[in-house]
Amino acid sequence: MHHSLIAHLAQLAQHQCLPGLNKPHLCFDDIAPIMHQLAHHPEVSSQLVGHSFNGTPIYRLSVGHGPLVVLGWTQMHGDEPTATAAVLDWLSLLVDQPEFSPAEAWQHQCTIHIIVMLNPDGARLQRRENAQGIDINRDASVLQSPEGALLMRQVEQLKPLVAFNLHDQNPYYAAGPAGAKPSTLAFLAPPFDAPETIDTRRKRAMQLIAAMYQGLRAVSEVGLARYIEGYSPRCFGDNIAAHCSTILIESGACLNDPNRQQARSLNVVALQLALTHLLHNTLDDFALTDYLAIPENKEDGYCDIVLRHVCQQREQQRFFTDIAINHSAEAPYALITAIGDLQPQQGFIEIDCDGLTLLPAKGVRVAPGTKLTEEIALNWLKAGYNHISQCEDSLTQEARKIGLKVQNSPQLYPFKGDTAALILARNGKPEIAIIGARV
Ligand SMILES: [Zn+2]
């Protein structure tokens with residue numbers, strides 16, 4: 001790769017992000033002022049392309065007026081907002097910062113259309129599905145959702161050469177085998193038929209991904225990966241891949257980056273790289289082997305917490321296991337996702353439990369009229385109580401806030417799928433408690 005291009009990319013990776021979008025969730029009200037501002041830019045055109053099931057407007061922003069047509073869409077899944085922020089950053093950078101021009105007079109060579117936030121109802125509800133409860137990305141063949149139907153119409157009308165399907169993945173993917181970093185961006189050139197034919201369109205998508213991967217690799221150390229997915233006829237990417245070169249980009253986790261600002265920024269670099277290579281006609285520098293050399297996106301490579309080498313005593317027998325725990329931002333409780341030899345999995349938090357033994361479940365009975373405070377709860381944990389066995393109804397809500405469960409007859413030891421309410425003791429004295437999502 002040219003030195004000048006790498007220097008340019010390094011600069012691009014440091015670009016300013018638009019304010020107001022560094023949040024865990026984005027809904028239409030968050031982006032409306034920025035959309036409005038962009039729509040009034042002389043180089044941007046804004047088109048109302050439809051409405052969500054609940055009537056929220058869905059807009060397409062477009063820049064350039066050349067024959068090479070690129071179409072992208074974001075937040076088809078309402079709870080996947082990272083690329084929404086990224087495309088707004090990218091469009092404003094393209095029209096306001098000529099130093100990042102992808103090519104001489106690029107506006108005459110290409111037209112870029114972006115449908116920003118395809119699923120505003122899901123975004124408002126912080127849910128994957130739309131207001132009908134439909135996963136839009138399983139609606140591509142029956143088109144019962146207004147959002148899916150409008151996307152398909154846009155593809156048919158605009159006839160893009162390249163399409164970008166922009167999503168978020170769960171935070172637990174690793175960019176390769178055991179020991180790899182979290183997968184901050186993952187790519188796929190989806191197949192358009194069951195035999196997974198590689199025609200000229202799909203080949204172009206693979207070359208674009210190889211180009212984006214190598215460019216990103218030159219400026220960032222984060223985990224980058226490639227999805228391996230068979231043909232799924234209900235999904236949009238797979239359907240649209242029959243019309244044009246289609247690229248799925250999944251934004252993912254990065255350490256100490258809860259709002260995925262790394263992925264946001266690297267989406268901009270990736271999109272800019274793709275556009276630059278398209279405009280300069282340099283895709284033949286990349287081979288299918290370059291695509292296949294990208295590490296595989298591994299599911300469950302990570303979990304939130306791993307307890308290593310926990311001593312357990314069940315039925316008077318002693319053995320050692322690792323315990324993996326995940327929590328979602330929405331749930332007050334964390335769940336045990338696996339027990340056993342979890343060497344291939346990494347925890348965002350790793351706790352060495354050598355010398356610690358898991359205590360059996362023990363419930364505290366709370367006297368009527370007791371007011372629950374964090375301090376009281378902490379004292380219960382120190383005494384080895386991991387749940388409340390009896391209390392007044394009014395206390396149940398308070399307990400839930402702290403992460404303590406009220407259970408009448410819990411099992412003595414945890415299994416996969418159970419709420420994490422674990423107390424680990426050294427020589428019989430409680431030392432570590434994992435209650436709710438807290439250690
Ligand atoms: Zn998604």
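**Entry 1**

I started at Ser46, which stands opposite Leu61 in E2. This is a predicted model, so I kept to its ground rules: local features need pLDDT of at least 70, side-chain atom pairs count only at pLDDT 80 or more, and totals for chains, interfaces and linings use all residues. Residues are numbered from 1 along each chain as its sequence is written, and side-chain values use heavy atoms, with hydrogens and water left out.

E1 and E2 pair in the antiparallel sense over seven bridges. For pairing I take the rule that DSSP finds at least two bridges between the two strands. The element names are DSSP runs numbered from the N terminus, helices being H or I with at least four residues and strands E with at least two. I then checked the turn of this hairpin: five residues lie between the strands, and Gly55 takes a positive phi near 95°.

**Entry 1: the eight-stranded sheet**

Next I traced the sheet that holds E1. I read an open sheet of eight strands with mixed pairing, in the order E1-E2-E4-E3-E5-E9-E7-E8. Strand E1 (44–51) and strand E8 (223–226) are at the edges with a single partner strand each, so one side of each has no neighbour in the sheet. The twist averages 20° from one strand to the next.

Inside the sheet I looked at strand E5 (residues 162–168) and strand E9 (residues 245–251), which pair in the parallel sense over seven bridges. There I found His167 opposite Glu250 in E9.

**Entry 2: helices on the sheet**

Which strands does helix H2 lie across? I noted E1, strand E2 (57–63) and strand E4 (110–116) under helix H2 (residues 28–39), which runs at about 35° to E2. Angles here run from 0 to 180 degrees between N-to-C directions, and axes are lines fitted to C-alpha atoms, for helices over the stretch in contact.

H3 packs on the sheet too, touching E1, E2, strand E3 (68–74), E4, E5 and E9. The direction of H3 makes about 145° with that of E4.

**Entry 3: H2 against H3**

I get an angle of about 20° for the packing of H2 and H3, with their axes 11 Å apart. H2 and H3 are therefore roughly parallel to each other; the classes are roughly parallel under 35 degrees, roughly antiparallel over 145, roughly perpendicular from 65 to 115, and oblique for the rest.

From H2, I listed Ile31, Ile34, Met35 and Leu38, which meet Thr84, Leu88, Leu91, Ser92 and Val95 in H3. Contact means heavy atoms within 4.5 Å.

**Entry 4: H9 and its two partners**

I took H3 first. Helix H3 (residues 82–96) packs with helix H9 (residues 261–280) at an angle of about 50°, their axes being 8 Å apart. H3 and H9 are therefore oblique to each other, and H3 passes H9 in a right-handed crossing. Among the H3 residues that meet H9 I picked out Trp90 and Leu94, and on the H9 side the list includes Arg264 and Leu271. The contact of H3 with H9 has nine nonpolar, three polar and two charged residues.

Then I turned to helix H7 (residues 200–219), which packs with H9 at about 125°, with the axes 9 Å apart. H7 and H9 are therefore also oblique to each other, and H7 passes H9 in a right-handed crossing. Arg204 and Met212 are among the H7 residues in this contact, and His277 is one of those in H9. I count 10 nonpolar, two polar and one charged in the contact of H7 with H9.

How many bridges join E11 to E12? I find eight between strand E11 (residues 302–314) and strand E12 (residues 317–326), which run antiparallel. Leu307 stands opposite Ile323 in E12. The hairpin of E11 and E12 has two residues between the strands, and Glu315 in the turn has a positive phi of about 50°.

E12 is also joined to strand E13 (residues 335–340), antiparallel, by five bridges. Here Ile325 stands opposite Ile336 in E13.

**Entry 5: domains**

Last, I looked up the domain assignment: domain 1 (3–298) and domain 2 (303–435). Such bounds come from an automatic or database domain assignment. The centres of domain 1 and domain 2, taken over C-alpha atoms, are separated by 40 Å. 10 residues of domain 1 are in contact with eight residues of domain 2.

Notes. A crossing is left-handed if the near helix is turned anticlockwise from the far one by less than a right angle, and right-handed if clockwise. Ala, Val, Leu, Ile, Met, Phe, Trp, Tyr, Cys and Pro count as nonpolar, Asp, Glu, Lys and Arg as charged, and the others, Gly among them, as polar.
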